[in-house]
Amino acid sequence: MKISELIVFVLYLIFMIGIGVHFFLRSKNTGEKGYFLGGRAMGPWVSALSAGASDMSAWVLMGLPASIYALGLGQVWIAIGLAIGYALSWILEAPRLRSFSIVANDSITIPQYLTNRFLSKSKAVQIICAVIFLFAYTIYAASSIKACGTLFSTVIEGLSPTVAMYIAGVIIISYTFLGGFSAVCWTDFFQGLLMLGALLIAPIFAAFMLDTAGASSAAQIAQETEGFWAFAASWKDIVSGLGWGIGYFGMPHIIIRFMSVESQKSLKKSAKIGIIWTTLILIFAVVVGVVGRMFLGMNEEIAANSTVFLTMVRRIFPGVISGLLLSAILAAAMSTADSQLLAAASAFASDVYKPVIRKDQSTDKEMLWAGRYVVLVIAVIAVVIASNPNAGSIMSLVSNAWGVFGAAFGPSIVLSLFWKRFTFSGAVAGIVVGAAVDILWLAFLASTGIYEIIPGAIAGLLAAVAASLLSKAPGKDVEDLFDRAVAYEE
């Protein structure tokens with residue numbers, strides 16, 4: 001263990017908690033909208049990097065480079081699918097979702113938006129969404145906490161992974177519990193910068209050191225791993241990899257950032273920043289895998305533990321710098337976990353506790369504390385799941401939660417923004433069928449090799465369209481809302 005690495009880690013974690021305390025002291029009178037959506041006052045840089053950082057969890061610094069390191073460039077299709085999906089979500093979905101959410105009674109959560117978009121008094125969508133959120137986000141957050149534990153236990157020799165996970169959980173809970181959306185976005189902003197810097201610096205330095213002893217040549221790698229340099233893959237791998245991009249259109253903790261941007265003008269700038277940031281992150285994650293293979297040679301333990309980036313950084317840099325760069329892994333995991341906790345808390349507090357349990361009688365202060373308590377409960381359950389050795393790998397937990405969200409919400413949200421004839425019944429059908437088919441495919445047809453988000457999203461889309469056409473057309477007031485949202489300008 002390098003003491004200097006540990007010092008940097010501790011200082012970094014204190015900085016994250018400090019942000020939470022800062023926004024807690026500033027936001028005592030901001031109310032529900034301030035805690036859960038930052039008062040729609042996020043600037044373009046914070047919004048863009050927060051959206052990206054909340055998406056790119058530790059898998060982009062651990063899982064993806066390890067896959068490239070061990071198997072070659074044929075593993076890049078997930079990165080390609082994510083890059084395409086992320087760009088399209090900013091270009092096509094973000095502008096309309098922000099304007100529609102404002103016109104639809106200033107909605108602050110995705111379930112609220114899907115209810116208000118149709119001027120419905122039914123709480124069906126809000127309750128269904130809240131159930132899916134609480135279930136899936138608990139598992140999703142567990143994957144991020146597990147990644148934090150893996151990092152801590154690797155860097156701090158002798159520290160139990162379980163203890164490391166509890167420490168990470170306490171840190172994440174602290175600033176999310178205190179500062180809400182603003183704290184999460186600002187911590188994500190700094191963490192996004194750190195992630196990009198680490199992915200840029202590490203492979204560049206390693207590339208300049210490739211002539212040192214032990215480095216593998218391209219020819220040697222080709223001999224060791226057949227097809228390492230080929231982008232070719234089976235059609236199932238290509239389709240499934242590209243299918244990851246579908247998830248962006250229904251990922252609540254990411255698209256909620258679209259709703260928080262301060263203006264439509266800022267949103268255009270956010271889109272450019274966000275797309276560039278994510279593309280660079282994905283490209284350099286692949287580069288880390290390739291350069292790591294050349295720099296470190298093939299090592300089964302490195303591949304199995306997904307520690308390509310970690311090993312490369314610790315071998316190249318002195319303790320202070322390696323501690324800072326390794327904090328990027330911590331940043332990736334924490335920036336995703338905090339967003340997931342807040343999205344789940346907002347869904348429960350705003351869409352279940354306030355309208356159903358309290359019958360709209362709760363005060364702003366009561367709502368804030370209800371959300372904070374939910375953050376605490378979900379985080380504790382997530383830590384328990386993460387510490388279970390049978391919980392599954394980081395990547396498997398992420399892929400399962402990603403599939404449910406994309407299949408359930410993507411089709412209904414997109415149709416609500418672009419189809420005037422879309423109905424409330426169609427939204428309910430799309431969410432329920434999309435989630436159900438995704439889960440059933442995972443449970444019974446995973447052996448087909450097709451990522452479950454694809455059949456889930458297709459089924460959700462067909463169900464949403466069919467239910468809309470079979471139900472009564474929207475009234476004039478709903479159509480007028482659609483027209484106002486489309487024409488919305490600032």
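# Reading a helical chain

Visitor: How many helices and strands does the secondary structure of the chain come to?

Guide: The chain has 20 helices and zero strands; helices (H or I, at least four residues) and strands (E, at least two) are DSSP runs, numbered from the N terminus. This is a predicted model, in which local features need pLDDT of at least 70, side-chain atom pairs count only at pLDDT 80 or more, and totals for chains, interfaces and linings use all residues. Residues are numbered from 1 along each chain as its sequence is written, and side-chain values use heavy atoms, with hydrogens and water left out.

Visitor: What percentage of the residues of the chain count as buried?

Guide: Buried means under 20% relative accessible area, exposed over 50%, and partly exposed in between (1.4 Å probe, protein chains only). Of the 490 residues here, 60% count as buried.

Visitor: Which residues have the most contacts inside the largest nonpolar core?

Guide: In soluble globular proteins, nonpolar side chains tend to be buried together. A nonpolar core is a set of buried Ala, Val, Leu, Ile, Met, Phe, Trp, Tyr and Cys residues joined through side-chain atoms within 4.5 Å. The largest one has 146 residues, and Phe-309 and Trp-402 have the most contacts inside it. Helix H7 gives the largest share of this core, 16 residues.

Visitor: Where is Arg-117, and what is the nearest side chain of opposite charge?

Guide: Arg-117 sits in the loop between helix H6 (110-116) and helix H7 (124-155). For charge, Lys and Arg count as positive and Asp and Glu as negative, while His and the chain ends are not counted. A salt bridge is a side-chain nitrogen of Lys or Arg within 4 Å of a carboxyl oxygen of Asp or Glu. Arg-117 is buried and has no salt bridge; the nearest side chain of opposite charge is Asp-483, 8.9 Å away. A polar atom of the Arg-117 side chain lies 2.8 Å from the backbone oxygen of Ser-416.

Visitor: Which helices do the buried residues of H19 pack against?

Guide: They pack against helix H10 (235-243), helix H17 (394-418) and helix H18 (424-444). Among the buried residues of H19 are Gly-456, Gly-460 and Ala-464.

Terms used: Polar contact = N/O pair within 3.5 Å; in protein donor to acceptor, adjacent residues only side chain to side chain. Contact = heavy atoms within 4.5 Å.
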